[in-house]
Amino acid sequence: LHIGVNLRKTDKELIASIERLANSGENRFCFHFIKTHLDGYHQDYEYIPEVENENLKIHLYSDLEKTIRFFSTLDLLITVKLHIGITALSVGTCFVSYNGKEKTRSMLRSIDAGEYIYTQENLDNLLTFLQQLDKQKAATLYSFDKIKVLKQEASQHLQFVDSLFLKEHAE
């Protein structure tokens with residue numbers, strides 16, 4: 001299974017658990033640690049392993065299209081960030097939240113995927129989930145029908161904003 005991972009450096013317990021899984025010799029998982037900030041950007045809180053190996057890879061953001069293609073190759077994404085999760089969803093890759101903000105938790109609950117919200121307090125549940133995960137389960141974690149409805153609603157909101165803008169500038 002190819003699992004994308006975007007965590008803060010402070011998420012040490014989960015990072016250690018992932019690295020143990022990756023280095024267990026089982027070769028069931030390949031974890032791709034993702035850094036979303038460009039080099040030189042003043043933010044430096046995302047964890048990236050010092051060394052890559054067969055089961056620990058690094059994806060450094062440099063180009064949006066390249067990253068979207070990369071997300072489409074993943075079976076699952078574990079992230080602290082909503083925008084990364086939504087980008088993965090746009091190419092059919094499900095995500096789980098680990099120590100995400102309320103907006104991320106709210107979004108997952110809105111698509112009936114609240115069970116995929118994990119925190120430091122239920123880290124063992126996330127690790128159990130990963131151990132039981134297979135490609136088919138990863139692809140069907142939650143309903144893309146619900147996501148389709150949300151996309152249609154969002155599109156209607158954008159059309160409404162466009163109509164307001166056009167109306168304002170027509171006067």
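T79 stands opposite S97 in β5, and the chain crosses from β4 through α3 to β5 in a right-handed β-α-β crossover (clockwise from the first strand over the helix to the second, with the strands pointing away from the viewer). The model is predicted: local features need pLDDT of at least 70, side-chain atom pairs count only at pLDDT 80 or more, and totals for chains, interfaces and linings use all residues. Residues are numbered from 1 along each chain as its sequence is written, and side-chain values use heavy atoms, without hydrogens and water.

**Strand β4 and its partners**

- Three bridges join β4 to the parallel strand β5 (residues 95–98); pairing requires at least two DSSP bridges.
- Strand β1 (residues 2–6) also runs parallel to β4, with four bridges between them, and I3 stands opposite L76.
- From β4 (residues 76–79), L76 and I78 point one way and L77 and T79 the other way, and all are buried (under 20% relative accessible area, 1.4 Å probe, protein chains only).

**Largest pocket**

- The volume of the largest pocket is about 200 Å³, taken as the space filled by probe spheres set on the grid points, which are joined across faces, edges and corners.
- A pocket is an open set of points on a 1 Å grid over the protein atoms alone, where a 1.4 Å probe fits, with protein on both sides within 12 Å along at least five of seven lines; lining residues have an atom within 4 Å of a point.
- I86, L89, S90, M107, F144, I147, L150, K151 and A154 line the largest pocket.
- Helix α7 gives the largest share of this lining, five residues.

Conventions:
Helices (H or I, at least four residues) and strands (E, at least two) are DSSP runs, numbered from the N terminus. Buried means under 20% relative accessible area, exposed over 50%, partly exposed in between (1.4 Å probe, protein chains only).
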